[in-house]
Amino acid sequence: MLISGFDSVLSDLDGVVYAGPNGIPDAVESLNALAEVNVALAFITNNAGRSPMSVAAHLRQLGVKTGAEQVFGSADAGAELLARELNPGSKVLVVGSPYLRECIAVRGLEVVESHKDKPVAVIQGFDPAVSWNDLAEASYAINNGAQWVATNTDLTIPRAEGIAPGNGSLVQAVKLATGITPRVAGKPESFLFERAADRLDSRRPLVVGDRLDTDILGGYRAGFSTALVLTGVDSPRSALGAPVSERPNYLISSLADLYRPYPTIKVLGYGVQVGESIAKVDGESIEVSGNESDLNAWRAACHAWWLAHSRQQDHVSPEIQFTSRGLDTLRRAQR
């Protein structure tokens, strides 16, 4: 089974374990079963609106066996970054949740509410209550010379009702008002992943997430293996055209796939075979002998394209055409 090659799972939350208040099918059972195969577990979240205690409590309500010490969030990471650089008592304008304010305060920095207080830094994290006035205050302070840290830059966030604007969308508004780009404390930077792996004493972590631009990119930067789970934001199609740094090692339909054998990827003279599907690249397009609803067909397409474009640095949208012939094509080629 896939998980047998690893000693820990570093899992995202939104879009992987839950969407809004509701658990995602197979997630709770799959996470709890990790202990049975001696695989450690940590949660890596860019959600700066809740404390590790609150996140762990939510997970336990869903049935996940976990504690606050297993939750690593971007609010703590952002506050730690500022505390390393600023003098004790330095004024920080906080745009975000009460927990983000707490993170700043407990590290000996002074939380302020307005640019008129002359803050030396601004930290911005997600909170549904953030208003236009909050974004304006951040802009005024940054334009006056305050350094700027964003806990994360996720453009969207999965909710029970669908996809909603995330912290990155609000950060973008301030960026447009100031012309400044913030430093980012959470994903896709490697700090949270490295910190969690170190805490777990893990040498073979598997990063599991639903977003290419945060989870997969962050795992890549940390030098860890990655799995894109298709229960949240990104899809096999978006993975197909991803740059090298955002290409997952594995594509899985749900966390239950951790306990199934991952199909062998065979590189043939005329294409890439995964299961009964075969994909070949023809210029800027891909031909797949397989069914579009079969994940193995997408796995074959991804690996064929990635092999042909091993240095790709941007997102692209290659044309892809599916048939349903599968192994019939392989058998004819072998005659």
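**A close look from one side chain**

Modeller: Arg211 touches Asp154, Leu155, Thr156, Ile216, Leu228, Val233 and Asp234, leaving out residues up to four places away in sequence, where contact means heavy atoms within 4.5 Å. Please keep in mind that this is a predicted model, in which local features need pLDDT of at least 70 and side-chain atom pairs count only at pLDDT 80 or more, while totals for chains, interfaces and linings use all residues. Residues are numbered from 1 along each chain as its sequence is written, and side-chain values use heavy atoms, with hydrogens and water left out.

Arg211 itself sits in the loop between β13 (205–209) and α8 (212–222); helices (H or I, at least four residues) and strands (E, at least two) are DSSP runs, numbered from the N terminus. With a relative accessibility of 6%, Arg211 counts as buried, a word used for residues under 20% relative accessible area, with exposed meaning over 50% and partly exposed in between (1.4 Å probe, protein chains only). Its side chain has two polar contacts to describe here: one of 2.9 Å to the side chain of Thr156, and one of 3.3 Å to the side chain of Asp213. A polar contact is a pair of N or O atoms within 3.5 Å; within protein, one must be able to donate a hydrogen and the other to accept it, and residues adjacent in sequence count only if both atoms are side-chain atoms.

Searching the whole structure gives two cavities of 30 Å³ or more, and the largest cavity has a volume of about 150 Å³. Here a cavity is a set of points, on a 1 Å grid over the protein atoms alone, where a 1.4 Å probe fits but cannot get out, and lining residues have an atom within 4 Å of a point. Grid points are joined across faces, edges and corners, and a volume is the space filled by probe spheres set on the points. The largest cavity is lined by 17 residues, of which Asp14, Asn46, Asn47, Asp154 and Ile157 are the closest to its centre. The elements that give two or more residues to this lining are β10 (156–159) and α8, and β10 gives the most, with three residues.

The C-alpha atom of Arg159 is 24 Å from that of Ile123, although the two residues are 36 places apart along the chain. Ile123 belongs to strand β8 and, at 0% relative accessibility, counts as buried. Setting aside neighbours within four places in sequence, the contacts of Ile123 include Gly78, Ala79 and Leu82, as well as Val149 and Thr151. In α3, the buried residues include Gly78, Ala79 and Leu82.

The buried residues of α6, namely Asn167, Gly168, Val171, Val174 and Thr178, fall within an arc of 115 degrees when seen down the helix axis, so they line one face of α6; the arc is that of the directions from the helix axis to the C-beta atoms. Packed against these buried residues are β8 (121–124), α5 (132–143) and β9 (147–150). The 12 residues of α6 (167–178) should span 16 Å at 1.5 Å a residue, and the 17 Å between its end C-alpha atoms agrees, the expected span being 1.5 Å times one less than the number of residues. After α6 comes Gly179, with a positive phi near 75 degrees.

Helix α5 likewise has 12 residues and reaches 16 Å from its first C-alpha to its last, close to the 16 Å expected. Its buried residues are Leu135, Ala136, Glu137, Ala138, Ser139, Ala141 and Ile142, and their cover includes β6 (91–95), β8, β9 and α6. Just after α5, Gly145 has a positive phi of about 110 degrees.

Terms used:
1 Å grid on protein atoms, 1.4 Å probe; cavity = no way out; pocket = protein on both sides within 12 Å on 5 of 7 lines; lining within 4 Å.
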